[in-house]
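Here is a friendly note to read with the model open beside you. Take the points in order and find each residue as you go.

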Amino acid sequence: MGYFRAMTLGQVFFSFEGRITRTTWWLYGVAALLGLGLVSFALLTIAGLPSERAETFVNVVLLWPTLAVSAKRWHDRDKSGAWLLINLVPVVGWLWALIENGLLAGTPGANRFGAPQTRID
């Protein structure tokens, strides 16, 4: 069956190496980061920071984790993390990324980016 590597939350959010499943991408790359962004924005505006500055701050802080989670999902599809740049193409790019990362299964078994990830420790 092969060696399945578990990741820590730190590896999921800050490392660009390895692979993650669709479930992990939806839970951590979409739900958790979106929730964290909304809560952070709300707290910063309640604390008195203008909404434009709060939004910029939240976006800058969450940029790295967002890129790291997405790169690992591209790896699971056996594609380079450079495919993150597809998001720069208006409309078609983010739709393509959503379909590839959120709907299509990863490659079965090990690929050039490692063994599939099965859980988070």
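1. Start with Glu100 and Lys79, which are both buried (under 20% relative accessible area with a 1.4 Å probe, counting protein chains only; exposed is over 50%, and partly exposed lies in between). Their side chains meet in a salt bridge, 2.8 Å from N to O, where a salt bridge means a side-chain nitrogen of Lys or Arg within 4 Å of a carboxyl oxygen of Asp or Glu. Glu100 lies in helix 4 and Lys79 in the loop between helix 3 and helix 4, so the pair ties together parts that are 21 residues apart in sequence. Helices here are DSSP runs of H or I with at least four residues, strands are E runs of at least two, and both are numbered from the N terminus.

2. A word on the source: this is a predicted model, in which local features need pLDDT of at least 70, side-chain atom pairs count only at pLDDT 80 or more, and totals for chains, interfaces and linings use all residues. Residues are numbered from 1 along each chain as its sequence is written, and side-chain values use heavy atoms, leaving out hydrogens and water.

3. Glu100 also has a salt bridge with Arg77, with the closest N and O atoms 2.8 Å apart. Arg77 sits in the loop between helix 3 (51–76) and helix 4, so this pair links parts 23 residues apart in sequence. Both Arg77 and Glu100 are buried.

4. Now look at Asp78, whose salt bridge with Arg112 has its closest N and O atoms 3.1 Å apart. Asp78 is partly exposed at 30% relative accessibility, while Arg112 is exposed at 61%.
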